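Here are a few notes to read alongside the model, written for someone opening it for the first time. Take them in order and keep the 3D view open.

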Amino acid sequence: MHNLIELERKYCADNYAPLPFVLTRGDGVYVWDTEGRQYMDMMSAYSAVSHGHVHPRLIKALREQAEQLTVVSRAFHTDKLGAFLKKACLLTSMDKALPMNSGAEAVETALKAARKWAYKIKGVEKDKAKIIVCEGNFHGRTISIISFSSEPQYRDGFGPLTPGFKMIPYDDTAALEASITANTAAFLVEPIQGEGGIIVPETGYLSRCAEICKDNNVLLLCDEIQTGLGRTGRMLASDHEHVKPDGIMLGKALGGGLLPVSLFLARENLMDVFQPGDHGSTFGGNPLAAAVGLEALNTIVDEHLEERAETMGDYFIRKLREIKSPLIKKIRGKGLLIGVEIDTRQVSGAHACAVLAEHGILTKDTHENVIRFSPPLIINGFQIDWAVEQIEKSLGKLETQDWKKAAG
Ligand SMILES: *Cc1c(COP(=O)(O)O)cnc(C)c1O
């Protein structure tokens, strides 16, 4: 195990700080390390593994398509792309979709669509379009996307940054209204901020944002890369408020935990700003990705993963709230996107995660103070009971430790 960690350290760029486990196998909600130890995965690769690890149905679709045709580029039609995009549009009530690979690429696609819409349709003067974003956002890691991050480390050393963005506080509709000008193209928002610390806005926030955008001829773009595809108990988190955005971004779970598959989906009048040559991606929409993406969507529907996320999420939050620990400051979330805010004067997020791992629970903190509990959506009640027991034991152990000493 230590050799493998050393090997990775020697040859891999130092852009992550992984916990010291070497994973070799996964099945459902569980993963195993090289020492044969079993863990429950409470990260789900930031929601990318919503279906659970190595889902047999998805592996079958991957294998069958891999033996037929994998990548041809969009220079040609394939027998797989249309059916995948049709299903994605039906499930999200959108008209058209543009296939990409990573989440960040889907966000870049949305930004390009919004700018072009502003110039070609809204009539904004050349190079004056502005896109409004929220403090605490996370939309990916490209230069343009980190240009409007409020996290100093994400931007530091990467300038010159891309102009054309305006930042407002999250969960603040008055700020949105006040910040719109004739040059505003779009408002880009996460229905729940994931990396920002599982921040759930007030009920009615998104629907009020939708009204404000509509009244001002501004596009509403919802980044559902983490919140979409059942994670919060609805197909889309924006469905909780019956909001129909002008465009949405999907990724992560769309690849069934197997491949990077992302989409920008939009209403027709927005997507139609793209013409051949405007935008693209060599791997975007390849038949292997399309076959897996379609099976990932069908599996969510057939296994009722959104209902599971709602009932299991409510149950998990209720059980977590029964834990009495001075280390817990707040528990929040929707469906199976759950964050436990801890008192960082008493314990560090990294150390809490290390102790959880000793108890068989793998997860990671966001921003030091929030521990994420977002298991695969296939998790059952017994598994949640077991997890809550381990979380309770871990907190008990942490309470009695001098964490600064224990963490070295
Ligand atoms: C993860 C994430 C992204 C970026 O996706 P990548 O596949 O890592 O590029 C964008 N938006 C949100 C809300 C995310 O959670």
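The points below start with the domains and then turn to the ligand.

1. A caveat before anything else: this is a predicted model, so please read every value here as computed from it.

2. Start with the overall layout. The protein chain splits into two domains, and domain 1 comes in two stretches, 2–54 and 304–406. Domain 2 is the stretch 56–302.

3. Now for the interface itself. Together, domain 1 and domain 2 bury about 2,500 Å², and carbon and sulfur atoms account for 56% of that area. On the polar side, 17 residue pairs are in polar contact across the interface, counting pairs with both residues at pLDDT 80 or more.

4. How many salt bridges are there between domain 1 and domain 2? The count is two. While you're looking at charged side chains, find Arg 372 and Glu 195: they form a salt bridge, with 2.7 Å from N to O.

5. Next, the ligand. Which residues are around it? The set is Ser 102, Gly 103, Ala 104, Phe 138, His 139, Gly 140, Glu 190, Asp 223, Ile 225, Gln 226 and Lys 252. Sorted by class, that shell has five polar, three nonpolar and three charged residues.

6. Gln 226 has a polar side-chain atom 2.8 Å from a ligand oxygen, while for Gly 103 a backbone N or O atom sits 2.8 Å from an oxygen of the ligand. At Phe 138, a polar backbone atom is 3.4 Å from a ligand nitrogen.

Definitions and conventions
Residues numbered from 1 in each chain as written. Predicted model: local features only at pLDDT ≥ 70, side-chain atom pairs only at ≥ 80, totals over all residues. Heavy atoms only, no water. Near = heavy atom within 4 Å. Polar contact = N/O pair within 3.5 Å; in protein donor to acceptor, adjacent residues only side chain to side chain. Nonpolar A, V, L, I, M, F, W, Y, C, P; charged D, E, K, R; others polar. Domains from an automatic or database assignment. Buried area = accessible area lost by both parts, 1.4 Å probe. Salt bridge = Lys/Arg side-chain N within 4 Å of Asp/Glu carboxyl O.
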